[in-house]
Amino acid sequence: MKTGRQAWPPRSAVVVNPAKVADPETLRRTVGDTLAAAGWPEPIWFETTVDDPGRGQTEQALAAGVDVVFACGGDGTVMACVSALAGTEVALAVLPQGTGNLLAANLGLSNDLTAGLAVAVERGRRLLDVGEVDGQPFAVMAGMGFDAQMLAATSETTKRRIGWPAYVAGAVRHLRDRPMTVWIRLDDQPPLRRRARSVLVANVGRLQGGVRLLTDAEPDDGYLDVAVLTPRTLRHWLFLAWAVVRRRERVPRMEVFRARRVEITSNRAQPRELDGDLIEPGHTLRAQIRRRALWLCVPQPDRAPDLADNASAAAERLIGEGHTTHH
């Protein structure tokens with residue numbers, strides 16, 4: 001199996017969103033000590049800013065010749081790092097600090113700092129597809145309509161206070177909004193016309209809170225999964241939500257398609273999002289798949305098929321080997 005660039009000792013950089021980190025000194029000490037115990041040199045540290053949430057810092061890390069970039073923040077930090085790393089041989093390691101952490105949730109990666117570092121130290125790699133909208137990569141999903149409205153209605157303060165359930169409050173405010181008329185073109189097929197509340201274009205299948213919306217979406221299958229949500233009443237929303245939570249094979253008021261290229265055109269400008277971050281509203285969302293474009297640090301296989309269990313096992317091995325960590 002290809003494993004990406006595997007120089008020894010691996011050089012690394014940490015791209016950190018300081019607004020998401022409660023104790024920066026402990027974070028820096030834990031990362032430095034753990035990597036040093038594994039024989040890695042001291043990482044280069046970059047802080048994100050309001051003007052640059054991580055892409056520029058990741059490009060600086062690439063210019064410095066690193067082999068691994070640690071994204072330490074929320075979904076915005078991870079997405080910014082992905083946008084710079086896609087198409088390179090340099091691996092992304094996720095150290096989740098925010099509320100959503102969609103990529104980590106979809107791949108079963110642990111929220112625990114020790115486990116995240118252990119995964120990188122063991123040097124397991126997986127080559128993922130990424131989606132792309134107007135030249136901007138995304139690792140999880142892009143959306144138009146209700147999902148972006150929900151994000152816009154959710155305050156950062158509430159997210160910090162209660163975590164992902166904050167999105168539920170944002171969603172409730174928009175359940176009764178009128179639908180949009182959309183034309184959806186999948187690859188070279190004739191456009192489909194729908195009255196929809198939301199259209200999601202997904203590389204993986206889980207939403208906030210670990211809810212699995214698209215059961216067949218895999219991040220390395222060469223396809224984007226497209227979910228068209230068409231509820232019109234509160235009753236429709238309740239049936240849809242119940243079926244998703246219960247992991248029913250058929251979800252009412254939701255159609256699913258697959259394609260390598262997707263073009264969604266609405267009759268009026270709509271809010272849009274990439275990987276949980278709002279982008280400019282627009283009438284159109286054009287997405288395509290980039291095959292095998294991103295190296296991600298994942299746990300080395302253990303007995304359990306779920307990556308979260310493997311990450312925990314990796315952390316235990318790290319601690320068992322006497323590598324120093326601080327909590």
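**View 1. Ala 61 in helix 2.** Ala 61 sits in helix 2 of this predicted model. Is Ala 61 buried or exposed? Ala 61 is buried, because its relative accessible area is 0%, and the cut-off for burial is under 20%. Apart from neighbours within four places in sequence, Ala 61 touches Ala 13, Phe 46, Val 66 and Val 69. Ala 84 lies 23 residues away from Ala 61 along the chain. Their C-alpha atoms are 9.8 Å apart.

**View 2. The buried residues of helix 2.** Helix 2 covers residues 55–63. Which of its residues are buried? They are Gly 56, Gln 57, Thr 58 and Ala 61. An α-helix has 3.6 residues a turn, so residues three or four places apart point the same way. What do the buried residues of helix 2 pack against? Their partners are strand 1 (12–16), strand 2 (44–47), strand 3 (68–73) and helix 3 (75–85).

**View 3. Thr 48 in a loop.** Thr 48 belongs to the loop between strand 2 and helix 2. Thr 48 counts as buried because its relative accessible area is 9%, and buried means under 20%. Which residues does Thr 48 contact, leaving aside its neighbours within four places in sequence? The partners are Val 15, Val 16, Asn 17, Pro 18, Pro 53, Gly 54, Gln 57 and Thr 77. Two of these names return in other views: Gln 57 is a buried residue of helix 2, and Thr 77 is a buried residue of helix 3.

**View 4. Helix 3, mostly covered.** How many of the residues of helix 3 are buried? The count is 11 of 11. Among them are Asp 75, Gly 76, Thr 77, Cys 81 and Ser 83. The buried list also includes Val 78, Met 79, Val 82 and Leu 85. Ala 84, named in View 1 for its C-alpha distance to Ala 61, is buried too. After helix 3 comes Gly 87, with a positive phi near 90°.

**View 5. Helix 1 against helix 5.** Two packed helices are described by the angle between their axes and the distance between the axes. Here helix 1 (residues 24–37) and helix 5 (residues 113–122) pack at about 35°. Their axes are 11 Å apart. The crossing of helix 1 past helix 5 is right-handed. Which residues make the contact? Helix 1 gives Leu 27, Thr 30, Val 31, Thr 34 and Leu 35. Helix 5 gives Leu 113, Leu 117 and Val 121. Six of the contact residues are nonpolar, two are polar and none is charged.

**View 6. The second largest cavity.** Rolling a probe the size of a water molecule over the atoms shows where empty space is left. The model has three cavities of 30 Å³ or more. The second largest cavity holds about 40 Å³ of space. Its lining includes Gly 145, Phe 146, Gln 149, Pro 179, Met 180 and Ala 196. Arg 178, Arg 197, Arg 268 and Gln 270 also line this cavity. Helix 6 (146–152) and strand 13 (261–274) each supply at least two lining residues. The lining divides into four nonpolar, three polar and three charged residues.

**View 7. The whole protein.** The protein has 10 helices and 14 strands. Of its 327 residues, 55% are buried. Consider contacts between residues at least 6 apart in sequence: 71% of them join residues at least 24 apart.

Technical notes:
Residues numbered from 1 in each chain as written. Predicted model: local features only at pLDDT ≥ 70, side-chain atom pairs only at ≥ 80, totals over all residues. Heavy atoms only, no water. Axes fitted to C-alpha atoms, helices over the stretch in contact; angles between N-to-C directions. Helix = DSSP H or I, 4+ residues; strand = E, 2+ residues; numbered from the N terminus. Left-handed = near helix turned anticlockwise from the far one by under 90°. Contact = heavy atoms within 4.5 Å. Nonpolar A, V, L, I, M, F, W, Y, C, P; charged D, E, K, R; others polar. Buried < 20%, exposed > 50% of the residue type's maximum accessible area, 1.4 Å probe, protein only. 1 Å grid on protein atoms, 1.4 Å probe; cavity = no way out; pocket = protein on both sides within 12 Å on 5 of 7 lines; lining within 4 Å. Points joined across faces, edges and corners; volume = space filled by probe spheres on them.
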